[in-house]
Amino acid sequence: MAQENAAFSPVSEEPPRRRGRQRYVEKDGRCNVQQGNVRETYRYLTDLFTTLVDLQWRLSLLFFVLAYALTWLFFGAIWWLIAYGRGDLEHLEDTAWTPCVNNLNGFVAAFLFSIETETTIGYGHRVITDQCPEGIVLLLLQAILGSMVNAFMVGCMFVKISQPNKRAATLVFSSHAVVSLRDGRLCLMFRVGDLRSSHIVEASIRAKLIRSRQTLEGEFIPLHQTDLSVGFDTGDDRLFLVSPLVISHEIDAASPFWEASRRALERDDFEIVVILEGMVEATGMTCQARSSYLVDEVLWGHRFTSVLTLEDGFYEVDYASFHETFEVPTPSCSARELAEAAARLDAHLYWSIPSRLDEKTPVADQGARRRYVGAAGW
């Protein structure tokens, strides 16, 4: 009997505990995805320039040093082989002998001459003579290949140094997203800001809902991406990011949160990825900053604290309150239920107006009015 009573006992209303969700995008914008079992590694070599730029700094510096050192060693060995093959090393003390390179007396001297040739230093102690055609051809080849190595490696280092990745570190997102009413409609909101005085030009914002789903045919789609409208149709997604802005996603019939109440949202499992893009004003390069919000980071019934105040002749932004929120009265029902309740209220007010007019209208006028309404088919 006790087991039967337990079976028909009411279920607890508390939401079940969820295991910690693995982020798809970290709070600092780093994508938490690793490429594994890539067998066609030769594809990285087809775009060697991008591969070198994407390397870590210690590997890039190592490759930079090796590229020059190996080139100097390679051509130094060839200069030494030319001197050895012509017999210049055997006639070092012979003043009547014309060597290929003056004062080249060993491999170290050949290595130093290779460095002087490729870097166009030209100390003047070691110099090629006009009696060595093979040396002249090698000199031309080293000059051309050395210029190519310089252009390639300096270009890689310049692009790597000027990458706007660090610029994204001064673009901040609020630590939480909030859900509250705006103009009578439920909205999902988060805040963005720029810490620098040099602004992001042509800034735009996007938001993605990351949630696994299953199709009607039974196909499971992990980490399915759905767009969250943040004003693309109205142009509100294009930002003038001079001071912190609150980005709003209106939960309407096209929103994936249309039927989500507060309790359903707390039990759901999703991640909201927000992407801010624009050009760096100082360099003109495109910059992208990313962040994300898990279910536990979405606060229902909260609103952001204002950070903008008017001072004497300027506006001041208080970033100490950038992440702060406060509670506001917000219905716990879904946006759909809220819209239906508002529609019922509007309909009730609409039909209550004629009834109130009837109370103030004489009986004869009421009969005439009813006959007119009946004839009009209302």
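**Note on cysteines, aromatic rings and a helix pair**

1. Cys-187 has a relative accessible area of 4%, so this residue counts as buried. The model is a predicted one, and the remarks below should be read as comments on that prediction. Cys-156 is likewise buried, at 5% relative accessible area.

2. How many disulfides does the model contain? The count comes to one disulfide. Cys-100 and Cys-132 form this bond, with 2.1 Å between their sulfur atoms, which falls within the 2.5 Å cut-off for a disulfide. The torsion about the S-S bond of Cys-100 and Cys-132 is about -75°, and the disulfide is therefore left-handed.

3. The bond between Cys-100 and Cys-132 joins distant parts of the chain, as the two residues are 32 residues apart. Cys-100 lies in the loop between α4 (57-86) and α5 (107-118), while Cys-132 lies in the loop between α5 and α6 (133-161). Are the two cysteines buried or exposed? Cys-100 has a relative accessible area of 1%, so it is buried. Cys-132 is buried too, at 0% relative accessibility.

4. A packed pair of helices is described by the angle between the axes and the distance between them. For α4 and α6 the angle is about 175° and the axes are 11 Å apart. An angle over 145 degrees counts as roughly antiparallel, so α4 and α6 are roughly antiparallel to each other. The residues of the contact of α4 with α6 comprise 19 nonpolar, five polar and three charged.

5. Searching the whole structure gives nine aromatic pairs. One of them is Tyr-319 with Phe-322, a tilted pair whose ring centres are 5.6 Å apart and whose planes make an angle of 35°. Tyr-319 is partly exposed, at 28% relative accessibility, whereas Phe-322 is buried, at 1%.

6. Phe-322 also has a charged residue over its ring: Arg-191 lies over the face of Phe-322, at 5.2 Å from the ring centre.

7. Which residue has its charged end over the ring of Trp-57? Lys-160 does, with its charged end 5.2 Å from the ring centre.

8. Finally, Phe-64, Tyr-68 and Trp-72 belong to one cluster, linked by ring pairs.

Note on methods:
Residues are numbered from 1 along each chain as its sequence is written. This is a predicted model: local features need pLDDT of at least 70, side-chain atom pairs count only at pLDDT 80 or more; totals for chains, interfaces and linings use all residues. Side-chain values use heavy atoms; hydrogens and water are left out. Rings of Phe, Tyr and Trp (its six-membered ring) pair if their centres lie within 6.5 Å; planes under 30 degrees apart count as stacked, over 60 as edge-to-face and the rest as tilted. Buried means under 20% relative accessible area, exposed over 50%, partly exposed in between (1.4 Å probe, protein chains only). A charge sits over a ring if NZ of Lys or CZ of Arg is within 6 Å of the ring centre and within 35 degrees of the ring normal. Helices (H or I, at least four residues) and strands (E, at least two) are DSSP runs, numbered from the N terminus. Axes are lines fitted to C-alpha atoms, for helices over the stretch in contact, and angles run from 0 to 180 degrees between N-to-C directions. Angles under 35 degrees count as roughly parallel, over 145 as roughly antiparallel, 65 to 115 as roughly perpendicular and the rest as oblique. Ala, Val, Leu, Ile, Met, Phe, Trp, Tyr, Cys and Pro count as nonpolar, Asp, Glu, Lys and Arg as charged, and the others, Gly among them, as polar.
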